[in-house]
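Work through the exercises below with the structure in view, and try each task before reading its solution.

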Amino acid sequence: MKFAVAAALVFAAGFAWLPAGEAAPQKLVLSGASTMAPVAGEIARRFESRYRGTRIDVQSGGSSRGINDVRNGLAAIGMVSRVLKPQEKDLQAHAIAWDGVGVILHASNPVAVLSRQQISGIYTGKIANWKDVGGTDSPITVVNKAEGRSTLELFLRYLGLKASDIRPHVIIGDNSQGIKTVAGNSNAIGYVSIGAAEYEAKHRVPIKLLPLEGVAATVANVRNGTFLLSRPLNLVTGTAPKGLVREFIEFARSEHVDDLVEAQYFVPVSIR
Amino acid sequence: MREISHVEIMSSGHARGDRMVQWVVYFAAILVSAAFVWIVWDLVRGGIGHLSWTFLVESSRDAGRAGGIGAVLVSTVLVLLIALAVALPLGWATGALLAEYVPAAGGLGHTVRYSLQVLAAVPSIVFGLFGNIFFCVYLGLGFSILSGGLTLACMLLPILVSTAEAGLRAVPGAHRLSATALGMSRTATLWHVLLPAAAPALVAGLLLGIGRAMAETAALLFTSGYVDRMPDSLLDSGRTLAVHIFDLSMNVPGGDAPAYASALVLIAALLLINVLAMRFAAGWQRGKMVTV
Amino acid sequence: MIWLRHSISSPSASADTLMLWLLRAAAGVAASLVLLILFFLVAESWPLLMRDLPITHFVTDSSWHPDEGAYNLAPMLSGTLYAAGGALLLAMPLGIASALFITYYAPPRGADAYRRLVELLAGIPSVVYGFWGLTTLVPLINQLQPPGSSLLAGILVLTLMVLPTITLTAHAALVAVPGDYLRGAFALGMSRWAMVRGVALPAARMGIVAGAILAAGRAVGETMAVLMVTGNVVQHAGGLFDPERTLAANIALEMPYAVSDHRAALFVSGLTLMLLVMLLWSAAARMGRG
């Protein structure tokens, strides 16, 4: 019986807590691209410290999820790591940064360069061994992204392939999961956000980014526009932003967060 | 019954075959024990260096690579408390109804028992889907500790009901007769005699429930969410310890050490709850029976 | 506690009636949960279920490519059955041998210790099994044959996870075998193995089979551990070293970013999974009664 009473008390306390929690901070929910979640989280933290009494929650998923959550009201702001599609013109996009998508290998892999044809051959299963592209005699582990990810869409468009053409060995969700998979398998090849890859490579994770068409996959080349596989990182809203939403978006596009954006190896909009 | 008469079996009972089977059985036991030791050894070796007091109380930083699991522990406890606060009264009341108030084979009893058995078989990821659409979207609770707790409550119900029912049924009929002879109402009998007498079973069910809730990941991914900050209210998203381990090991390069350490904490917590609650159960029952 | 004593001494019929209705309400809520879950699963799957008739397109589409409108669940169904079947194939002999060890073969102290160990094994969360599989098993298998994330890794992890269920239910069933049977067999001069094979196992068969089906249900529905070690490629696995994806893993992997039809297709996965498990459960219930 003590249990029942204790349980009831806890429950009552919980509900007493609810309105208090609700009334105090102004809350804003962001949801969408996992590529953007870390930088959005950092921006949110700085925003909260500047604007007392606000709380910004960042939920990570994928770009299409961000769009969906904004449409049905689960989130005030969606994070979309690509340009909006024609059928998404009901929404408004506000770019906060630029990013590229790069091909990554394990740091110990001797292969230093792959042509577009070679990458396409590897991802469609026509090339199955590293020795065919100048590496050691070992089978290639192809790491692909699950469908619904904008990184996948961008990569497929670059190679001119359909999702059903790919012959993967491992399917992953987030960028970081892809990096972790490649870092743990010396024969793996994957593709992830350049920002995420450079961040991890600088944190001594054993991966390396390959150049595309002779252009090194670096933030600098994304910034000067020479790197082909680049994309905007957008904050998306259903209507013209106002109130807290507007304050947050303006803050995220301002030079006050440039250092945060660059720390995550993206290119701030105010610079490019 | 028919098998018993197969006495011809004994003709094949050679000592050598007997010995061989014994070896096979021992081998299986050794194999399983070795796997257990292997897992535990790996966890301890990987995590013990990362464990410290600051790891337990600090919030996580840098996606969990640095800092600790303080906020995650708070979220875990909150989700657990909500789940129990909802599931315990519902589960025990249902158990009491099934055991004391309706005939075992009757219509209502049968229906309730049947649907609870089906509920017990539902995979946790399906609870996750349901929780997401019902609590987060339909009821508008969003990704929150409340949504996660309520989803877990649904999952725990069958365990709590079946243990409560079994426990109440095991109480000797003499208790009920004596209570009636003393002029106690049925409600009072339930409250002061039967529930205390069934306390060990109730606590056993509670333990099973806590164990299952703390270990749960799939049902919480889409209900209580990923946010690893200290929650301000029950409507905030909060990451539980099991989800934290999942995220560190799958999504965070260099997250293995804190993941090992978190796994150690989770297993230690499960063991501790088990031991404490068993002690508590014994004491509670003694105290209650004396006052009545 | 004084006020409680007071309430004991004044029994009232209305309090009893109120109590009964309270209990009935609680039971009603508990019982309707299953219907509620089924309702929401069907409601969310409905648009996709009804849009492309016949429903068989869920097993005849080219493969699982949500972006291209292809939703073939068959590879994941086979993936689920391979992983669960393989795990049962390994866990059944190991689990029954473990139960025999505890019940008949081990010295008393050994039996007790081993039982504790199996119970501890049951208490390890699935995400920890998955994590261990990811960091220990997958790299090991990768050395044998890349990529390491494979059906085999899934089977091995699932085996460890369902082993306690099989062991503990088989042990309970063996303990419940009437002592008279065994004494009778002993009096007939049967060897220990003959006694086990001829008397104990047949008498405990129902319990063991029911336990196995429960274990199968757990293996089919298991999500996190499998998601972490099987590589999640949608294909009919051609061998133990091939990666594959299960129905449960499909939901957990793609749910975070699925929208519209894709999301509905994941609810169809969930519905399929639920029906599969309910089927298994009905079989177990029938066994239990029979």
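**Exercise 1.** At what angle do helix 6 of chain C and helix 7 of chain C pack, and how far apart are their axes?

*Solution.* This is a predicted model, in which local features need pLDDT of at least 70, side-chain atom pairs count only at pLDDT 80 or more, and totals for chains, interfaces and linings use all residues. Residues are numbered from 1 along each chain as its sequence is written, while chains are lettered from A and ligands numbered from 1 in the order in which they are written.

Helices here are DSSP runs of H or I with at least four residues, strands are runs of E with at least two, and both are numbered from the N terminus. Helix 6 (residues 126–144) of chain C packs against helix 7 (residues 151–175) of chain C at about 140°, and their axes are 10 Å apart; the axes are lines fitted to C-alpha atoms over the stretch in contact, and angles run from 0 to 180 degrees between N-to-C directions. Helix 6 of chain C is therefore oblique to helix 7 of chain C, since angles under 35 degrees count as roughly parallel, over 145 as roughly antiparallel, 65 to 115 as roughly perpendicular and the rest as oblique.

**Exercise 2.** Which residues of helix 6 of chain C meet helix 7 of chain C?

*Solution.* With contact meaning C-beta atoms, placed from the backbone, within 7 Å, helix 6 of chain C contributes C:Ser126, C:Tyr129, C:Gly130, C:Gly133, C:Leu137, C:Val138 and C:Ile141.

**Exercise 3.** How many residues of chain C are in contact with chain B?

*Solution.* There are 75, and they touch 76 residues of chain B. Helix 2 (residues 13–51) of chain C supplies the largest share of the chain C side, 18 residues.

**Exercise 4.** How many helices and strands does chain B have?

*Solution.* Chain B has 12 helices and two strands.

Notes. Contact = placed C-beta atoms within 7 Å.
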